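Subject: Structure handover and findings

Hi,

Here is the structure for your set. My notes on it follow below.

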Amino acid sequence: MIPSGATAIVGAAESTEIGAVPNMSSVGLAIDAAANAMSDAGIAASDIDGFTCGYFPVADMSRQLGIFPKWADNTVVGGCSWFFQLRNAVAAIHAGYCHTVLIVYGESGKSTRGLGQSFDAGQRGGTGQQFDMLYSGGQAAATFTLPVLRYQREYGLSDEELAVGAVSQRQWATEVPRATLREPTSVEEVLNSPMIAWPIRRAMCCLVSDAGGAIIVTSADRAKDYPKPPVYILGSGGALEAGVMSPGGVREPLRPEFIRTSGEAAFASSGITHEDIDHLMIYDAFIHTPIFGLEGLGFVNYGEGGHFIAEGHTAPGGKLPMNTSGGGLSYAHTGAYGMLCMLESIRQVRGEAANQVADVEIALCHGWGGYWSACSTLVFGASAP
Amino acid sequence: MPHPLVPVPTPETQPFWDGCQEGILRINKCLTCGSAYFPPSPICPECSSTDVEYFDASGDATLYSYTIQQKPFFLWGSEGPRSVALVKLAEGPMLTSSIVNCEQTPEALQLDMPLRATFVPFDEITVLCFEPAEQQS
Ligand SMILES: [Zn+2]
């Protein structure tokens, strides 16, 4: 096993602008974020010898940036592709394939400028195209959310209780200048927002935004020489389950095994317990995904996640601060939000978040990809063990 | 050129689509471990055996969960709300489908209600949907 804290993040940045950025393509947003991350780390392309990106031709991107990598990765599993790439980068650095990796992402999700997503569940002749997407026209709000009604009935979670998740995240976003939605909201307002796919309303769905993000990771030895305090990677996990038949492809839809698998690996490799976690990000493409994350990762028992959020435990002042940027529902959501999720964890550990939680020593970040196809769990720390 | 989301069969999935044309739900069964599975594949996801075949399933199912899309995919040719459902086949597999031939309301669509397969025109092909089991077709 790779020792906990063997690598660290030394550069991290978003694109200069996020939200609506019609003057940049997906590639432009990625390059802007990469330039910002190199500036954050105080290095240039020549200092980087490993490169990953998702959704773009990897060699095209590295050449544009003037990086000539000895190691590259282009794992694409949807919205958490950059989680998987960071895990792979940690392993590559530990193996000695390279010493410093740049991970880049950009997506013109709102303005749709330039290259689109190469992760396409609807490819002709694919499983999703033949057996899933025709029923909804590929509308994620109607398919990704399919387990919600069953969950509500099985565990007695009312619409009002479900809606609290959107209210809590907006509470965080009110103090975040870069968040798209900053006005306080209420359960009533969430339940009066337009119905999209009963029981899911618009305020329970993520935003559609333009954004880029980039991360630079290196060995813990090298990390000490950078201007910002290192954010150590203490451990990680990842797993695949549903395929594009999701969420019908999950073996136990209310107890998805892949979440548990990823979480257990992250806890085991980092050597920490749930009580050690000061800050939590769980990718919220829709209002229910943090519920499934809290349960699958073992913060609460199955059936308790919805009530845990409804009781305010993840809101400002709660015992488990979660999605403190406002998340996909209030901050920004490009289509593949995972990089933005990771960047908020990193900002919190650095102590430079807009709505900073006090004394974040250890942060856990969990992302999804391709509906329930994939997930990954990362544990970040302000110090190495 | 059909719409990109009109299903395109492959050699491995053709028997399923032929079944839809014939009004028969045809899915895979493993001859080694006995598992019925979906979507179609030349390998059993339970035991990795490639000794698999297609068989005619009962078409019986239950409603596991669903949403009601307010603006359905236009290729269905219907204006009003339309269900997208997780349906559990009597033989075991779960799949995505729609419940048709009934009101598209929470009152009409009860969890665990018995369903049966029905086959519905979709663009130039015929696809699998489900209807309440007590319904006369
Ligand atoms: Zn088998």
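Helices (H or I, at least four residues) and strands (E, at least two) are DSSP runs, numbered from the N terminus. By that naming, Pro39(B) sits in the loop between strand S2 (36-37) and strand S3 (52-56) of chain B.

Some ground rules. This is a predicted model: local features need pLDDT of at least 70, side-chain atom pairs count only at pLDDT 80 or more, and totals for chains, interfaces and linings use all residues. Residues are numbered from 1 along each chain as its sequence is written, chains are lettered from A and ligands numbered from 1 in the order in which they are written, and side-chain values use heavy atoms, with hydrogens and water left out.

Backbone points

Chain A has a cis peptide bond too: Trp198(A) to Pro199(A), omega about 10°. Pro199(A) lies in the loop between strand S5 (195-198) and strand S6 (200-201) of chain A.

Next, positive phi values. Tyr55(A) is not a glycine, yet its phi is positive, about 80°. Its place is the loop between strand S2 (50-53) and H2 of chain A. Tyr55(A) is buried, with a relative accessible area of 6%. (Buried means under 20% relative accessible area, exposed over 50%, partly exposed in between; 1.4 Å probe, protein chains only.) Tyr371(A) is another residue other than glycine with a positive phi, near 60°. Look for Tyr371(A) in the loop between S10 and strand S11 (374-381) of chain A. Tyr371(A) is buried, at 15% relative accessible area.

Helix pairs

Two packed helices are described by the angle between their axes and the distance between the axes. Axes are lines fitted to C-alpha atoms, for helices over the stretch in contact, and angles run from 0 to 180 degrees between N-to-C directions.

Take helix H1 (residues 26-41) and helix H2 (residues 58-65) of chain A. Their axes come within 11 Å and cross at roughly 50°. That makes H1(A) oblique to H2(A). (Angles under 35 degrees count as roughly parallel, over 145 as roughly antiparallel, 65 to 115 as roughly perpendicular and the rest as oblique.) On the H1(A) side, the contact is made by Val27(A), Ala30(A), Ile31(A), Ala34(A) and Met38(A). On the H2(A) side, Met61(A), Gln64(A) and Leu65(A) make it. Contact means heavy atoms within 4.5 Å. (Ala, Val, Leu, Ile, Met, Phe, Trp, Tyr, Cys and Pro count as nonpolar, Asp, Glu, Lys and Arg as charged, and the others, Gly among them, as polar.)

Then helix H3 (residues 81-95) and helix H15 (residues 338-350) of chain A. Here the axes come within 7 Å and cross at roughly 60°. H3(A) and H15(A) are therefore oblique to each other. Trp82(A), Phe83(A) and Leu86(A) in H3(A) meet Gly338(A), Met339(A), Cys341(A) and Met342(A) in H15(A). The contact of H3(A) with H15(A) has 6 nonpolar, 1 polar and no charged residues.

Covered helices

Helix H8 (residues 159-173) of chain A has 15 residues that should span 21 Å at 1.5 Å a residue; its end C-alpha atoms are 22 Å apart, which agrees. (The expected span is 1.5 Å times one less than the number of residues.) H8(A) is mostly covered, with 11 of its 15 residues buried. Among them are Leu162(A), Arg170(A) and Trp172(A). The buried residues of H8(A) pack against helix H7 (147-155), helix H9 (187-192), helix H12 (289-296), helix H13 (305-310) and helix H14 (327-330) of chain A.

H12(A) is mostly covered as well: 8 of its 8 residues are buried. The cover includes H7, H8, H11, S9, H13 and strand S10 (362-369) of chain A. Pro290(A) is in H12 of chain A and counts as buried at 2% relative accessibility. Leaving aside neighbours within four places in sequence, Pro290(A) is in contact with Gln169(A), Ile282(A), Asp284(A), Ile309(A), Met322(A) and Asn323(A). Pro290(A) and Asn323(A) are 33 residues apart in sequence and 9.0 Å apart in space, C-alpha to C-alpha. Just after H12(A), Gly298(A) takes a positive phi of about 85°.

Best wishes
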